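Here is a friendly briefing to read with the structure open beside you. Please have a look at the fold before going through the points below.

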Amino acid sequence: MGHRTSQLRQRIRLWRRTPRQGARSARTGLPLHTPGVWRRWTRAVTPTSAWPWGRQVPPHQHGPERLEQRPPRVETLDWHARYPQEIVLHGPTDRKQLALTFDDGPDDLWTPQVLDVLQQLHVPATFLCVGQRVQRYPEMVRRMVAEGHVVGNHSWSHPNLTQETAADIKSQIERTNAVIRAVAGVQPRWFRPPYGALNDVVIHTVQSLRMKILYWNVDSLDWTGIRTDQVVANVLAHTEPGAIVLFHCAGGAGEHLDHTVAALPILVDTLRQRGYTWVTVPVLTGQPAYL
Ligand SMILES: [Zn+2]
């Protein structure tokens, strides 16, 4: 085990051991590291009336994106240190190229708006799609492929796969690849785990299917209901050459993505002015898009 890996392990052990009981955010006064705080907060700031219930997409089996489901960043770095070939966090850092990735689609509300914006901006992106939503909105996936985007796999029903058996993980991934192949004629090679949740079983299962785990190193937090300027600031503050940026193109009940659609032109233009070009993940990494 390398020195860097053991250092990361030590930091994770410290993180787990330190309960920080009673610690509160200096800014909001809310308790830190309390499950549910983020969810309550995002509910409070998200105008649920904006969600058109009549057009509900198939819900995520285990609810929408939740910050407390996400492993701490240091844990992700540890998984990457252990499986550098299997997990991609970013592209080469010596070229000013960036990749936009969009999770949780397709739907017939936000996905078409995101596709329209990307078309106007001439930006190819990578869409990590949920199988049961592909089944519901196949024309959106065909549109992604026709417009030069890459389609990847984000499981069938968005469970936290670390709580599933190897057989169920395999079925979640294979079913999704099968429906994408059936509707769009491509078989994804890139897999993004729901909530970014990883363990050895998930990683080995993806490996056995000859696929790659697509992570990210810049999180827009677009789904939390923060303002457009906050989404923009989040991304600009963390963008470096080779960055893989996480966005969403569909939500769950109560989530809206107005700010994603509004932030994209600002981000794309600002970073172009700084000399960056936008590419798909396969182009960024020099690896194939499909099996
Ligand atoms: Zn997701």
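Is proline 58 buried, exposed or partly exposed? Proline 58 counts as partly exposed because it has 19 C-beta neighbours inside 10 Å; the cut-offs are 20 or more other C-beta atoms within 10 Å for buried, 12 or fewer for exposed, and partly exposed in between, with C-beta atoms placed from the backbone. Please keep in mind that this is a predicted model, in which local features need pLDDT of at least 70, side-chain atom pairs count only at pLDDT 80 or more, and totals for chains, interfaces and linings use all residues. Residues are numbered from 1 along each chain as its sequence is written.

**The chain as a whole**
- The chain has eleven helices and nine strands, taken as DSSP runs (helices are H or I with at least four residues, strands are E with at least two) and numbered from the N terminus.
- Of its 291 residues, 39% count as buried.
- Among the contacts in the chain with a separation of 6 or more, 80% come from residues 24 or more positions apart; a contact means two C-beta atoms, placed from the backbone, within 7 Å.

**Confidence**
- The average pLDDT of the chain is 85, and 78% of the residues score at least 70; pLDDT is the predictor's confidence in each residue, from 0 to 100.
- Residues 17-21 stay under 50, and the model gives them two contacts beyond four places in sequence.
- Over residues 27-55 the pLDDT is also below 50, and this stretch has 34 contacts in the model beyond near neighbours in sequence.

**Around proline 58**
- Proline 58 sits in the loop between helix H2 (37-45) and helix H3 (73-82).
- Leaving aside neighbours within four places in sequence, proline 58 is in contact with Gln132, Arg133 and Arg136.
- Proline 58 and valine 134 are 76 residues apart in sequence, with 9.9 Å between their C-alpha atoms.

**Backbone details to look for**
- A cis peptide bond links glycine 105 to proline 106, with omega near -5 degrees. Proline 106 belongs to the loop between strand E2 (97-105) and helix H4 (110-121).
- Histidine 122 has a positive phi, near 55 degrees, though it is a residue other than glycine. You will find histidine 122 in the loop between H4 and strand E3 (126-129), and it is exposed, with 9 other C-beta atoms within 10 Å.
- Arginine 210, also not a glycine, has a positive phi of about 60 degrees. Its place is the loop between helix H8 (200-208) and strand E6 (212-214), and it counts as exposed with 8 C-beta neighbours inside 10 Å.

**Helix packing**
- H4 and helix H10 (residues 258-273) pack at an angle of about 15 degrees, with their axes 9 Å apart. H4 is therefore roughly parallel to H10, a term for angles under 35 degrees.
- In this pair, Gln113, Val114, Val117 and Leu121 of H4 meet Thr260, Val261, Leu264, Pro265 and Val268 of H10.
- Helix H7 (residues 166-184) and H8 pack at about 50 degrees, with their axes 10 Å apart.

Technical notes:
Axes fitted to C-alpha atoms, helices over the stretch in contact; angles between N-to-C directions. Parallel < 35°, antiparallel > 145°, perpendicular 65-115°, else oblique.
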